Amino acid sequence: MPNNSSVTIFVLLGLTQDPQEQKLVFSIFLIFYGGTVVGNSLILVTIKFSQTLGSPMYFFLFYLSLVDFSFSTSIAPRLIVDSPSAKKTISYNECMIQVFALHLFGCMEIFVLIFMAADRYVAICKPLHYTTIMRRQVCVILIVFAWMGSVIHASSQIVLLLQLPFCGPSLIDHYCCDVQPLLKLACTDTHMINLMIVSNSGALCSCSFLVLMISYFVILHSLRNHSAEGKKKALSTCSSHILVVIISFVPCIFMYTRPPTTYPADKMVTVFYTIGTPFLNPLIYTLRNAEVQNAMRKLWNVKAMTY
């Protein structure tokens with residue numbers, strides 16, 4: 001990977017410098033990452049092998065769980081392994097790969113959440129046309145375009161960062177590589193690059209969040225014409241989606257729609273959307289979704305009877 005700077009290794013300061021707190025960080029995030037792997041793997045396996053979860057909503061939920069698993073895996077293992085270490089180093093190339101992965105899976109999650117909202121809109125507001133509009137071929141095409149768009153977005157972040165010269169010091173006051181901490185280390189004026197990042201990542205987060213909230217408002221408004229049972233089921237599904245949208249987008253907007261400055265809360269906000277959100281999403285979608293719970297019970301009961 002081309003390197004326009006004299007820095008070949010960055011030093012991550014991590015979440016804390018206190019040895020006792022580092023042990024606590026190791027234990028807590030090991031548990032969270034383990035829960036993320038187990039929770040998302042359960043959803044992936046259940047949707048893959050269940051015959052009752054073949055609708056477009058679960059097709060997109062499958063990819064949301066896959067993205068959450070990948071998103072957390074791009075950050076959490078290094079955080080866990082580095083936590084007890086006195087010196088946490090990462091090479092320039094590894095740092096750029098981590099930034100790419102962070103934005104690739106983050107962008108993909110945004111696209112999938114938009115598709116899930118579109119699916120609910122068609123199902124509730126255009127029920128007679130649902131099977132025609134949301135057929136499997138359309139869903140597959142949407143996912144392919146989402147991956148393509150995510151690669152383009154992540155690549156644009158890397159292209160901007162590769163232009164920056166890093167002359168030292170190489171201390172990143174964070175536990176992972178991301179755009180804002182790296183902009184702070186660049187030994188050049190980053191005003192224009194930050195504007196490009198805000199117009200890219202910031203606009204993507206803000207506009208997508210606005211579109212999603214408007215779409216769910218329209219969906220909820222349309223429920224007044226439904227039966228009591230239909231309202232209950234739709235509200236249960238939509239409330240889960242809205243909760244996931246809020247916990248996914250609010251940290252994203254906080255991080256990427258502002259001047260190139262860092263705040264004490266940045267690390268915890270990043271922890272929330274890189275570790276917390278992938279851990280919470282499976283809980284939200286399983287605890288509030290009877291269909292997923294029933295499918296899990298049936299699948300694992302069959303597995304148990306087989307053995």
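This is a predicted model: local features need pLDDT of at least 70, side-chain atom pairs count only at pLDDT 80 or more; totals for chains, interfaces and linings use all residues.
I started with the second largest pocket, which holds about 210 Å³ of space. Of the 14 residues lining this pocket, D173, K184, T262, Y263 and K267 are the closest to its centre. Strand 3, helix 7 and helix 10 (266–287) each give two or more residues to that lining, and helix 7 gives the most, with 4. I sorted the lining of the second largest pocket into 7 nonpolar, 3 polar and 4 charged residues.

Residues are numbered from 1 along each chain as its sequence is written, and side-chain values use heavy atoms, leaving out hydrogens and water. A pocket is an open set of points on a 1 Å grid over the protein atoms alone, where a 1.4 Å probe fits, with protein on both sides within 12 Å along at least five of seven lines; lining residues have an atom within 4 Å of a point. Volume is the space filled by probe spheres set on the points, which are joined across faces, edges and corners. Nonpolar covers Ala, Val, Leu, Ile, Met, Phe, Trp, Tyr, Cys and Pro; charged covers Asp, Glu, Lys and Arg; the others, Gly among them, are polar. Helices (H or I, at least four residues) and strands (E, at least two) are DSSP runs numbered from the N terminus.

Next I looked up the largest pocket, with a volume of about 510 Å³. It has 21 lining residues, and R120, K233, A234, T237 and E291 are the closest to its centre. Helix 9 gives the most to this lining, with 7 residues. The lining of the largest pocket divides into 8 nonpolar, 7 polar and 6 charged residues.

Then the cysteines. I searched the whole structure for disulfides (cysteine sulfur pairs within 2.5 Å) and got 2. One joins C95 to C177, S to S 2.0 Å. C95 sits in helix 4 (92–125) and C177 in the loop between strand 3 (171–172) and helix 7 (179–185), 82 residues apart. C95 is buried at 0% relative accessible area (buried is under 20%, exposed over 50%, partly exposed in between, with a 1.4 Å probe and protein chains only).

A disulfide also joins C205 to C252, S to S 1.6 Å. C205 is in helix 8 (191–222) and C252 in helix 9 (228–256), 47 residues apart.
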